[in-house]
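Here are a few friendly notes to read with the structure open beside you.

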There are 2 protein chains.
Amino acid sequence: MAEKAFQDYYPDELSHCYGCGRLNEHGLQLKSYWDGDETVAVFHPRPYHMAIPGVVYGGLIASVIDCHGTGSASAAAYRAAGREMGTDPGFRFVTASLRVDFLRPTPLGVPLEVRGRIREVKERKVVVAVTVRAGGEECARGEVVAVRMPEHMMPGRTTA
Amino acid sequence: MAEKAFQDYYPDELSHCYGCGRLNEHGLQLKSYWDGDETVAVFHPRPYHMAIPGVVYGGLIASVIDCHGTGSASAAAYRAAGREMGTDPGFRFVTASLRVDFLRPTPLGVPLEVRGRIREVKERKVVVAVTVRAGGEECARGEVVAVRMPEHMMPGRTTA
């Protein structure tokens, strides 16, 4: 996992996301990578990311699933097109829907392993199934339906 | 909305949640209230809670839906039992599943109005439908399936 993360290929104007933007100094700065046909991110929750003492906050888990999902969608679209990440025109995705099932309390204090499997790649939609493991146990499972970012949301491509 | 928020009735040991714990100084400190048969919370995203400039981060929206849902579940369980919030034994809920549909980009810089409708109240499960509006427009819609907190998760009730 020494290569560049998916999110490191995002252009500067799309790198302010609280969950994964490398330019958001207050944010989580999630980094996602290929691992064979799966995608993986490792995230270390901070001590204050708790639901109750010792248990990771569910909204944080939803957040890492969300950003890992859209990052994986972008990477999958490039791979499906046989193109290198970062080449133009860019494949940028936003979340249309997010589902998270919390299977058991996620222990706080160990890294979270976030894994994505690409379920579907279409022209304008990618579906990613995501699992979150902590200490070797699957604690949450989710699905991200990611859609191509509408042109009017692309910073710098509109006057709005 | 001058009354005490649902979350202000949580005992101290359950008030460290990153999303809604009054004792988590790093957290969002969401506050939820009854408004007739609905529940409502108003949240002001911080400038860095962005997805892209001008748009609220989806994981933040998922987080406020999550905490508004579990808070609403607790309040609904008390109301269904004809009891005042804060009386013992407490009705505490955790999220079993969370779904969010992002309907349109949520503008950053205006308060979010988070509204819950109680769909189902059972002994161990409450379902809450939640909408998020910004500037008068519905931007996201979600559902929280909340289940009674297992005894072993109750802080101070176990040696684990």
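1. Please keep in mind throughout that the model is a predicted one.

2. What does Asp37(A) form a salt bridge with? The partner is Arg79(A), and the closest N and O atoms are 3.8 Å apart. This pair links distant parts of the chain, 42 residues apart: Arg79(A) belongs to helix α1 (residues 58-80) of chain A, while Asp37(A) lies in the loop between β1 (32-35) and β2 (38-43). Arg79(A) counts as partly exposed, because its relative accessibility is 43%.

3. Glu120(A) and Lys125(A) also form a salt bridge, with 3.8 Å between the closest N and O atoms. Glu120(A) is partly exposed at 26% relative accessibility, and Lys125(A) is partly exposed at 31%.

4. Now look at chain B, where the side chains of Arg148(B) and Glu123(B) meet in a salt bridge of 4.0 Å, N to O. Here too the pair links distant parts of the chain, 25 residues apart: Arg148(B) sits in strand β8 (residues 137-148), and Glu123(B) in the loop between β6 (112-121) and β7 (125-134).

5. How many salt bridges does a search of the whole structure find? Over all chains, the search finds 24.

Key:
Residues are numbered from 1 along each chain as its sequence is written. Chains are lettered from A and ligands numbered from 1 in the order in which they are written. This is a predicted model: local features need pLDDT of at least 70, side-chain atom pairs count only at pLDDT 80 or more; totals for chains, interfaces and linings use all residues. Side-chain values use heavy atoms; hydrogens and water are left out. Helices (H or I, at least four residues) and strands (E, at least two) are DSSP runs, numbered from the N terminus. Buried means under 20% relative accessible area, exposed over 50%, partly exposed in between (1.4 Å probe, protein chains only).
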